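Morning, everyone. Have a look at the model on the screen, and then I'll walk you through the interface.

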Amino acid sequence: MENNIAVKVENVSVMFNLNKEKVDNIKEYFIKLVTRKLRFTEFWALQDVSFTIEKGERLGVLGFNGAGKSTLLKTVAGVLKPTKGSVEVEGVIAPLLELGAGFDSNYTGKENVFLYGATMGYSRKYIEERYDDIVAFAELGDFIDVPIKNYSSGMRARLGFSIATAVDPEVLILDEVLSVGDAKFKAKSEKKVQSMFDKGVTVLFVSHNTAQVRRLCNKAIILDHGKVVASGEANEVCDKYDALVKGGKK
Amino acid sequence: MGEKTENLKIVKKSKFLSDFVKYRYLLSEIVRRNIKVQYRDSVLGIFWTLLQPLLTTVVLALVFGGFFGKKADGISNYVIYLLCGRLLYDFFSQSTKRAMKSIRLSAGVIKKVYVPKYMYPLGNVISCFVTFLISLIILAGFLIGYGFTDKAVPITPYILLSVVPIAVLFILCVGVGMILSTAAVFFKDAEYLYDVFCMLLFYATPIVYVVDSMNMNKYVQMGIMANPLYSIVGMFRDCVLNGRMFNMNHLLYSLAFSVVCVIIGALMFKKKQDKFILHI
């Protein structure tokens with residue numbers, strides 16, 4: 001991979017088997033196998049998607065519901081393996097998808113900081129060094145020693161956001177998480193993300209909101225039914241997307 | 001061309017290693033979490049790892065002691081006999097059951113973040129292993145306690161060799177855990193089936209009875225001897241209860257069985273792990 005490229009997505013296609021009926025027990029499976037009722041319908045969530053993001057670039061991904069945006073993020077995050085094609089990511093990647101997914105609800109906030117950090121592949125020492133910053137940023141105070149199950153959803157999200165952004169990732173995947181917590185925390189988190197931008201982090205941002213994409217990104221693509229239908233400068237692509245939305249409403 | 005594919009192989013291998021090194025802290029966090037959360041809200045906490053085998057052994061000794069205990073010739077101490085089998089069986093059934101559920105219970109993480117997924121079954125087996133090691137204190141307590149009575153068990157240097165059956169059992173649990181965790185993702189029924197299987201296994205392992213003293217059908221006896229837990233428990237009892245060297249055939253059989261399980265489990269897991277996300 002060339003030096004200045006952070007994310008390279010090449011001819012990525014992802015196929016799902018849409019079972020007509022869900023088969024999840026052995027008895028049903030055999031009955032259907034014998035009676036030849038085991039049918040699969042192929043569904044291509046992504047088809048031949050290619051793009052590259054250079055280091056420091058911020059790419060917005062626009063698209064309607066079901067266009068394949070989340071599938072694309074999952075393949076870039078390495079959670080989902082593409083059926084065809086390849087994804088290469090250079091450097092540390094921090095997925096900000098659904099904050100707090102790795103939390104254990106019986107664990108206290110403090111214990112969850114370490115568990116979550118470990119899930120993201122960091123060492124204990126690395127997390128210890130950042131622990132104070134994380135707690136301070138999440139504004140949890142004494143609640144840090146209370147089990148997570150007693151947290152409000154806002155508190156959970158705040159803690160998740162603080163851990164995910166405490167590290168210095170090279171690639172940041174944002175899935176409309178900028179609306180975390182109350183107005184005060186929202187402003188604070190946007191500021192934090194902005195400061196990461198200033199440090200030159202590479203961003204992959206998924207949204208329906210063209211205003212946000214125009215503000216945060218310098219490049220964008222539009223996904224429609226798993227295909228890239230437009231790509232280029234953020235403003236141009238957003239104009240196209242807005243036109244599409246208007247066209248749809250007609 | 002040949003050189004290129006070889007290079008690729010090296011890259012892949014080192015990715016496995018570097019992944020393991022990078023995520024080894026996750027493994028220890030999973031182990032710690034499992035142990036901490038298990039006893040979190042109970043008053044006695046971690047003492048339950050000692051209390052539970054103690055109480056179940058008392059129950060088993062009361063129920064079966066009169067019936068099998070007197071009949072069992074050549075057993076110097078029925079309570080120790082029972083405890084040896086019970087502790088090993090408990091570790092096997094609990095660790096494999098938990099490993100089986102581990103992928104489903106970590107679905108939230110696996111769907112969102114890239115993690116080496118084998119960490120979950122492996123971490124669950126290790127956490128059960130730790131509580132198993134703690135519960136061995138009960139066995140040590142009984143050995144010392146009986147030392148002052150006429151039912152004293154001969155303690156010989158062979159007791160140190162008991163680490164061999166324990167190590168084999170650990171390998172077996174990892175292998176079976178990997179197989180079950182993969183199977184359970186695709187067929188949830190496997191969890192219920194396995195519960196029944198474990199009950200069968202309890203009776204197919206000489207925990208409460210002695211094989212030689214039972215007038216068993218030849219085929220039933222062969223079936224019991226094919227059970228790797230039979231060999232492992234037998235080895236453990238030889239070291240701890242009888243104070244002698246264990247049977248080498250037992251070691252060879254159970255070790256081979258366990259290693260084959262690990263190989264099958266690793267291959268299954270590796271082949272199917274990319275599909276997990278579609279089913280959990």
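Contact here means heavy atoms within 4.5 Å. On that basis, the contact takes 28 residues from chain B and 32 residues from chain A.

Ground rules next. This is a predicted model: local features need pLDDT of at least 70, side-chain atom pairs count only at pLDDT 80 or more, and totals for chains, interfaces and linings use all residues. Residues are numbered from 1 along each chain as its sequence is written, chains are lettered from A and ligands numbered from 1 in the order in which they are written, and side-chain values use heavy atoms, leaving out hydrogens and water.

How much area is buried between the chains? About 2,600 Å², with carbon and sulfur atoms giving 60%. Buried area is the accessible area (1.4 Å probe) that two parts lose on being put together, summed over both. In chain B, Tyr25(B), Lys112(B) and Phe187(B) lose the most area to chain A, together 26% of what that side buries.

Now charges. Four salt bridges link chain B and chain A; each is a side-chain nitrogen of Lys or Arg within 4 Å of a carboxyl oxygen of Asp or Glu. One of them pairs Asp104(A) with Arg33(B), at 3.1 Å, N to O.

Which elements of chain B give two or more residues to the side touching chain A? Helix 2 (24–38), helix 5 (107–110), helix 8 (189–204) and helix 12 (276–279). Helices are DSSP runs of H or I, at least four residues, numbered from the N terminus. Helix 2 of chain B gives the largest share, seven residues.
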